[in-house]
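My notes follow the order in which I checked them.

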Amino acid sequence: MKKLDFQDKRFSLIENSEKGTVNKDTVFEFQQTGDLVTAAYYGGPIKLGKIIALLKKDTLDMRYHCITSENELKAGKAMAKISHTDLGKIKLTLRWEWLDSSNEKGISEYLEN
């Protein structure tokens, strides 16, 4: 696998489960220091969101929180499997879950812009 570098990378949604909050108008801007990966996300139904993650080989162990355009505060966790497209772009496949009483789960995919 290629060396993983998330520094100054931008990602957009490819596909999301029905109970997911982000959409194709949401932009994710990543930073990386060693195995610490962070991101800010915004746009579409998200006023502002933050991600903090640990890079472990070909996965990101993530925790995230956001404020939606309807002023709802949400938080969740995800394991993101990292792969590369034929063109060398990073693709993230997340198995996520909300950390509220709903315990809703889903899968979403993101691609480096």
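**Salt bridges, looked up one by one**

I began with Asp58, which is partly exposed, with a relative accessible area of 24%. The model is a predicted one.

I then looked up the partner of Asp58: its side chain meets that of Lys81 in a salt bridge, 2.3 Å from N to O. This pair links distant parts of the chain, 23 residues apart. Asp58 sits in the loop between strand E4 (46-56) and strand E5 (59-68), and Lys81 sits in strand E6 (residues 73-84). Lys81 also counts as partly exposed, at 42% relative accessibility.

Next I searched the whole structure, which gave 7 salt bridges.

One of them joins the side chains of Glu104 and Lys19, at 3.8 Å from N to O. Glu104 lies in the loop between strands E7 (90-98) and E8 (105-112), and Lys19 in the loop between strands E1 (10-16) and E2 (27-33), so the pair ties together parts 85 residues apart in sequence.

I went on to Lys91 and Glu109, whose side chains meet in a salt bridge of 3.6 Å, N to O. Lys91 is in strand E7 and Glu109 in strand E8, 18 residues apart, and the pair links distant parts of the chain. For Lys91 I noted a relative accessible area of 23%, which is partly exposed.

Last, which residues are linked in a network of salt bridges? I found Lys56, Asp61 and Arg63 linked in this way.

Note on methods: Residues are numbered from 1 along each chain as its sequence is written. This is a predicted model: local features need pLDDT of at least 70, side-chain atom pairs count only at pLDDT 80 or more; totals for chains, interfaces and linings use all residues. Side-chain values use heavy atoms; hydrogens and water are left out. A salt bridge is a side-chain nitrogen of Lys or Arg within 4 Å of a carboxyl oxygen of Asp or Glu. Helices (H or I, at least four residues) and strands (E, at least two) are DSSP runs, numbered from the N terminus. Buried means under 20% relative accessible area, exposed over 50%, partly exposed in between (1.4 Å probe, protein chains only).
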